[in-house]
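Open the model in a viewer and keep the selection panel at hand.

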Amino acid sequence: MLDTPLGNVYTTFYAFLYDFGYKGVVVLVMLMSLVSQFIFGKVRQFSRQGDISIYALIYGRIAVCLILSFFSDKFYEGIFAITFIKTVIWWIILRWVFVRHTVEVQK
């Protein structure tokens, strides 16, 4: 397949190359970067004081997966895992319950 020693980069791209070929490597890396950049942009746009963005929590997971993608091919497994999707759904539900139903203290 590949005759050149690529080190850690090879561990990242091996699954992409093996499953989808060279075009797949380009497409999957582009998808990885687009997802990361989109969520990062949402985090940067968030400006409500005293509130936490769901996108910040998601980006925290994406950042960890990006950093660890240099040592393995776990980016897509970490982001699109059922447990992470369930966790995001729970974050949204809990945020709706606690932020939407807060009681203001009257002065």
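This is a predicted model. Start by selecting Phe16, Phe75, Tyr76 and Phe80, which make up one aromatic cluster.

Within this selection, look at the ring pairs. A pair of aromatic rings is described by the distance of the centres and the angle of the planes. The count of aromatic pairs in the model comes to five. One of them joins Phe75 and Tyr76, edge-to-face, at 5.2 Å centre to centre with 85° between the planes. Tyr76 also pairs with Phe80: the ring centres are 6.0 Å apart and the planes are at 10°, so this pair is stacked.

Now colour these residues by accessibility. Phe75 is buried at 2% relative accessibility, and Tyr76 is buried at 17%. Phe80 is partly exposed, with a relative accessible area of 47%.

Next, select Phe16, Met32, Ile58, Ile62, Phe75, Tyr76 and Ile79. Of the 15 residues in the largest nonpolar core, these touch the most other members. Helices α1 (8-45), α2 (54-68), α3 (75-79) and α4 each supply at least two residues of the core, and the largest share, six residues, comes from α1.

Centre on Ile58. Apart from neighbours within four places in sequence, Ile58 is in contact with Ile39, Phe84, Val88 and Trp91.

Finally, move to Ile82, found in helix α4 (residues 82-100). Ile82 is exposed, with a relative accessible area of 57%.

How values were computed
Residues are numbered from 1 along each chain as its sequence is written. This is a predicted model: local features need pLDDT of at least 70, side-chain atom pairs count only at pLDDT 80 or more; totals for chains, interfaces and linings use all residues. Side-chain values use heavy atoms; hydrogens and water are left out. Helices (H or I, at least four residues) and strands (E, at least two) are DSSP runs, numbered from the N terminus. Buried means under 20% relative accessible area, exposed over 50%, partly exposed in between (1.4 Å probe, protein chains only). A nonpolar core is a set of buried Ala, Val, Leu, Ile, Met, Phe, Trp, Tyr and Cys residues joined through side-chain atoms within 4.5 Å. Contact means heavy atoms within 4.5 Å. Rings of Phe, Tyr and Trp (its six-membered ring) pair if their centres lie within 6.5 Å; planes under 30 degrees apart count as stacked, over 60 as edge-to-face and the rest as tilted.
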